[in-house]
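Work through the exercises below with the sequence and the model open. Try each task before reading its solution.

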Amino acid sequence: MGHIPPSHPRAASLRVREALVAGAGSGLVVREGLIAHGRGEALDYILGERTGRRARSAISAAAATLLLAERPVVSVNGNVAALCAREAVLVARALGAPLEANTFHGDSGRRRRIAARLESHGARGVLGASRAHRARLRGLDSERGAVDSRGIAAADAVLVALEDGDRAEALSRAGARVVAIDLNPLSRTARAADVTIVDNVVRAMGLLASRCAALRASPRGRLARIARAHDNAAALAGHAGEMRARLGRIAALGR
Ligand code: ATP
């Protein structure tokens, strides 16, 4: 793997790519995951590669929504395991929630590798890798519909990141509150979710862990007010407007 000079203007982004390529080498990340990351990177570029005010407010609403749930689950796919396993474990710990290895592509071997990666960061009893506890999300065929009967199948709130739109919609139809981390405010996942954090998972997961820990002892009334104050459709429209404004400023400079 090549050395990335810290002075490189895109060093942070290149390090993330390296982590994904390493994840692909160890069988955590699939090729489709690399392509999905490219779509996210392009949108992050337009957003200015920073966690803005709207994303921070969504992170608070996400923490409140997950803390209010009785059976929250943190769903982890290959990209998340490669990029922010430690932070995902911290989110689960702050919530007292199980982690579930959940893949759109691939077999249970990859789910086991994701579970092992999470366990190397201190997680215990990661769900999703055992065939004995297989359940199915209604409306989804093959591997992409497979969930754990002790986890997502019984959850009333699920945190997903870089999720496919079909699955996010199926989770919502099944009655779970959906909290998504997705850089694309136009995606079906972003629109199907109750709370969408439009931010890079590399930045957002750690911030979410801190927010969950900070709000954990709050009265339910306060959490409910924070969750209720979030209007997801308005927030997504705001993100789209922010992107347009940023591109407008860049275009104006070029004139
Ligand atoms: P949908 O199916 O929800 O309409 P999609 O087809 O774009 O959207 P996928 O390709 O399955 O969805 O998932 C990738 C999604 O994850 C994209 O929306 C992409 O913007 C987002 N994404 C990729 N990398 C990151 C990242 N590092 N952090 C947050 N989101 C990301």
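**Exercise 1. Contacts of Met205**

Leaving aside neighbours within four places in sequence, which residues is Met205 in contact with?

Solution. This is a predicted model: local features need pLDDT of at least 70, side-chain atom pairs count only at pLDDT 80 or more, and totals for chains, interfaces and linings use all residues. Residues are numbered from 1 along each chain as its sequence is written, and side-chain values use heavy atoms, with hydrogens and water left out.

Step 1. Apply the cut-off: contact means heavy atoms within 4.5 Å.
Step 2. List the partners of Met205: Val80, Cys84, Glu87, Ala88, Val91, Leu159 and Ile181.

**Exercise 2. The nonpolar cores**

State which members of the largest nonpolar core touch the most other members.

Solution.
Step 1. Define the set. A nonpolar core consists of buried Ala, Val, Leu, Ile, Met, Phe, Trp, Tyr and Cys residues joined through side-chain atoms within 4.5 Å. Buried means under 20% relative accessible area, exposed over 50%, and partly exposed in between (1.4 Å probe, protein chains only).
Step 2. Pick out the members. The largest core has 51 residues, and Val76, Leu99, Leu118, Leu159, Met205 and Leu208 touch the most other members.
Step 3. Find the main contributor. Helix α4 (residues 78-95) gives the most to this core, with 12 residues. Helices (H or I, at least four residues) and strands (E, at least two) are DSSP runs, numbered from the N terminus.
Step 4. Look beyond it. Another core, of 14 residues, lies apart, and includes Leu137, Val147, Val158 and Val178.

**Exercise 3. Helix α5**

Check the span of helix α5, then place its buried residues.

Solution.
Step 1. The expected span is 1.5 Å times one less than the number of residues. For the 12 residues of α5 (residues 108-119) that gives 16 Å, and the end C-alpha atoms are 16 Å apart, so the two agree.
Step 2. Buried in α5 are Ser108, Gly109, Arg110, Arg111, Ile114, Ala115 and Leu118.
Step 3. These buried residues pack against β1 (72-76), α4, β2 (99-101), β3 (134-136) and β4 (146-148).
Step 4. Arg113 also belongs to α5. Arg113 is partly exposed, with a relative accessible area of 38%. Not counting residues up to four places away in sequence, Arg113 touches Ser26, Gly27 and Leu28.

**Exercise 4. Two helix pairs**

Describe how α4 packs on α5, and α3 on α9.

Solution.
Step 1. Axes are lines fitted to C-alpha atoms, for helices over the stretch in contact, and angles run from 0 to 180 degrees between N-to-C directions.
Step 2. α4 and α5 pack at about 30°, with axes 9 Å apart. That makes α4 roughly parallel to α5. The classes are: under 35 degrees roughly parallel, over 145 roughly antiparallel, 65 to 115 roughly perpendicular, the rest oblique.
Step 3. Gly78, Ala81, Ala82, Ala85 and Val89 of α4 meet Arg110, Ile114, Arg117 and Leu118 of α5.
Step 4. Helix α3 (residues 53-68) and helix α9 (residues 220-228) pack at about 135°, with axes 8 Å apart. That makes α3 oblique to α9.
Step 5. The α3 side of the contact includes Ser60, Ala61 and Ala64, and the α9 side includes Leu223, Ala224 and Ile226.

**Exercise 5. Asp44**

Is Asp44 buried or exposed?

Solution.
Step 1. Asp44 sits in helix α2 (residues 31-47).
Step 2. With a relative accessible area of 4%, Asp44 is buried.
Step 3. Leaving aside neighbours within four places in sequence, Asp44 is in contact with Glu49, Arg50, Leu183, Asn200 and Arg203.
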